[in-house]
Amino acid sequence: MPAGRKVIITCAVTGAAHTPTMSPYLPVTPEQIAEEAIGAAEAGAAIVHFHARNPDDGRPTPDPDVYAPAIDRVRRESNVIVNITTSGGPKATVEDRIAAALRFKPELASLNMGSLSPYGRQKILDKFELWQHPWEQELFMGAPSRVYPNTEEIITRTIKEVGSGGTRFECECYDVGHLYNVAYFAEIGLLTPPFIIQTVFGFSGGIGLDADNITHMRNVADRLFGTDYRWSVLAPGKHQFRLCTMGATIGSNVRVGMEDNLYLEKGKLARSNAEQVARMRDILTLLSFDIATPDEARQMLALKGQGRGDG
């Protein structure tokens, strides 16, 4: 890839996998999530990815009323691209999962491209003696029997209903087969280019962290989509900056943030999402890449722009 090309930084500010016990800096309330999103944008993120949490105990929630204060404030105070999740827990209905995206009609929404079952997440229970809330332990104790469904029916309905408001989809691909699922939905006319492909490495149940997996996923995407896709990389924990940097050097955009990683470096918790964005921005700048602004990212991803159909 040529030096000086534009790289889009996405920041996923809170997610649903980490819990309050794991970091005192994890944003939970709508006010905290809004602050973190605005700070990430100021640090260089062109896209902020949203989940919501119950402000009383930090439990993930799909309730649009909980999303509202954070989404509304970010839209008032920042030009950043808003990306709302359409994922959800194993018991979440499709109505739950798409409720926030339907209400706020964001420029971008994430879309998991296949079902997943986590392996080994119960081991996290051994890392903490005391938990702030009972639901945190329940989350990890139930991991061995949990499946996150993303069937053809669920994906089809999400695309048709959420996409009707002009929202485009960031297709989250946790394994090679998920890339072929994107191609299938393109073949039947539900997804249109440029396809926005977020390749996810190192999450339990998905493709591993080996360096050659990055080039493998890229090569498969090249065969399936030619030049009609925009590629991004994310990885969890200590692997975040390393794999994002590797991806950027061969053509990807990048995602950082506390959804994927609670640390800034070994043994040092990130005190904010902005710290992670700034670290990633500095790495990319040292490698002679330019950081895309929100408006540049809108053009690169063919998004509708703020204010066009936003709720």
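**Helix packing and ring pairs**

In helix α1, residues P30, E31, I33, A34, E35, A37 and I38 are in contact (heavy atoms within 4.5 Å) with V66, P69, A70, R73, V74 and E77 of helix α2. By class, this contact has 9 nonpolar, no polar and 4 charged residues. The model is predicted, so local features need pLDDT of at least 70 and side-chain atom pairs count only at pLDDT 80 or more, whereas totals for chains, interfaces and linings use all residues. Residues are numbered from 1 along each chain as its sequence is written, and side-chain values use heavy atoms, with hydrogens and water left out.

**The two helices**

- Helix α1 covers residues 30-43 and helix α2 covers residues 64-77, and the two pack at an angle of about 30° with their axes 8 Å apart.
- Because angles under 35 degrees count as roughly parallel, α1 and α2 are roughly parallel to each other.

**The aromatic rings**

- Rings of Phe, Tyr and Trp (its six-membered ring) pair if their centres lie within 6.5 Å, with planes under 30 degrees apart counted as stacked, over 60 as edge-to-face and the rest as tilted; by this rule there are 6 aromatic pairs.
- One of them joins W131 and F140, a tilted pair with 5.7 Å from centre to centre and 45° between the planes.
- The rings of Y184 and F185 have centres 5.2 Å apart and planes at 75°, so this pair is edge-to-face.
- Ring pairs also link F128, W131 and F140 into a cluster.

Note on methods. Axes are lines fitted to C-alpha atoms, for helices over the stretch in contact, and angles run from 0 to 180 degrees between N-to-C directions. Helices (H or I, at least four residues) and strands (E, at least two) are DSSP runs, numbered from the N terminus. Angles under 35 degrees count as roughly parallel, over 145 as roughly antiparallel, 65 to 115 as roughly perpendicular and the rest as oblique. Ala, Val, Leu, Ile, Met, Phe, Trp, Tyr, Cys and Pro count as nonpolar, Asp, Glu, Lys and Arg as charged, and the others, Gly among them, as polar.
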